[in-house]
Amino acid sequence: MEALVEGTLARLFPGRIEPIDLQRHLVRTLEDTAAQGAPAVSYTIRLHRDDVAHLVRDNPNLTDTLAALLVETARQLHVTLPSPPDVTLLPDEHLRPRSLIVTGDAVRLGATATGSVPAQAQLGVAAGGLPPAFLILDGDRTVPLRRAVISLGRRLDNDVILEHSSVSRAHAQLRLRFGRYVVYDLGSSGGTFVNDQRVQECLLKPGDVLRLAGVSLIYGEDQSVRTHAPAEPSRGKRDVDNGADRTRPIF
């Protein structure tokens, strides 16, 4: 049993929660459980009852649509699901409006399971390994990205520790998806910016300048050793931040 609790969205989405917000957290849960070798097949989304009411009213087939999204995402990530996924919306009186918690229950795949793949392949890492990506800090310090999930923040257990008072303890994450890194804001107080535009999540490309509160970083890739990455899907996702529209392929 894998239980993954996502942080509150109340500070991230000042308006109503929309289906795309649920999609984002479901995909993260699938990625995390797949990386541990046990992709979740049963998903529970807990929300305030008013949020459940408006979601179901506006999207009568929402849970079926979300389940289909998980099937397609698993296919693109080369993850074998032991059974068709199901998604449940559950009212929770203890949650504030515009907040949600996602849990994923997984059936661990046995050694003889057909079609099972290594954890790196499940996260879309190319056969040659991780992409030759890195971050440049303070203008001269280079930090190679050697994991599929990289945490950034002020807390000492982060992969990249940023000792700046304006940086949140758990500020942002870089996650590998289809051989490319995506930056996610983790509900930070100072915000996450890519090329001076505030984002909730964004697919990174070489040369992008990230700003986490008062700290700037440059994302780069060593093009001389860059292996052929999986083709990027044609669909895009919209970053939501007070009406800002920033679209890059996500899944």
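## Terms and model

Buried here means under 20% relative accessible area, exposed means over 50%, and partly exposed lies in between, using a 1.4 Å probe and protein chains only. The structure above is a predicted model, in which local features need pLDDT of at least 70 and side-chain atom pairs count only at pLDDT 80 or more, while totals for chains, interfaces and linings use all residues. Residues are numbered from 1 along each chain as its sequence is written, and side-chain values use heavy atoms, leaving out hydrogens and water.

## Salt bridges

Let's begin with charged pairs. A search of the whole structure finds 11 salt bridges, each a side-chain nitrogen of Lys or Arg within 4 Å of a carboxyl oxygen of Asp or Glu. One of them links Arg57 and Asp58 at 3.6 Å, N to O. Asp58 is partly exposed, with a relative accessible area of 40%, whereas Arg57, at 55%, is exposed.

Helices (H or I, at least four residues) and strands (E, at least two) are DSSP runs, numbered from the N terminus. Both Glu201 and Arg24 are buried. Another salt bridge pairs Arg49 with Glu93, whose closest N and O atoms are 3.7 Å apart.

## Around Ser188

Now to a serine in a loop. Ser188 sits between β9 (180–185) and β10 (192–194), and at 5% relative accessibility it counts as buried. Its side chain makes polar contacts with the side chains of Asp185, at 2.6 Å, and of His171, at 3.2 Å. A polar contact is a pair of N or O atoms within 3.5 Å; within protein, one must be able to donate a hydrogen and the other to accept it, and residues adjacent in sequence count only if both atoms are side-chain atoms.

Leaving aside neighbours within four places in sequence, Ser188 is in contact (heavy atoms within 4.5 Å) with Ser168, His171 and Arg198.

## Around Ala213

Ala213 is found in the loop between β13 (209–212) and β14 (215–221), and it counts as buried at 13% relative accessibility. Not counting residues up to four places away in sequence, Ala213 touches Ser166, Val167, His171, Gly190 and Gly191. The C-alpha atoms of Ala213 and Ser165 are separated by 9.1 Å, though these residues are 48 residues apart along the chain.
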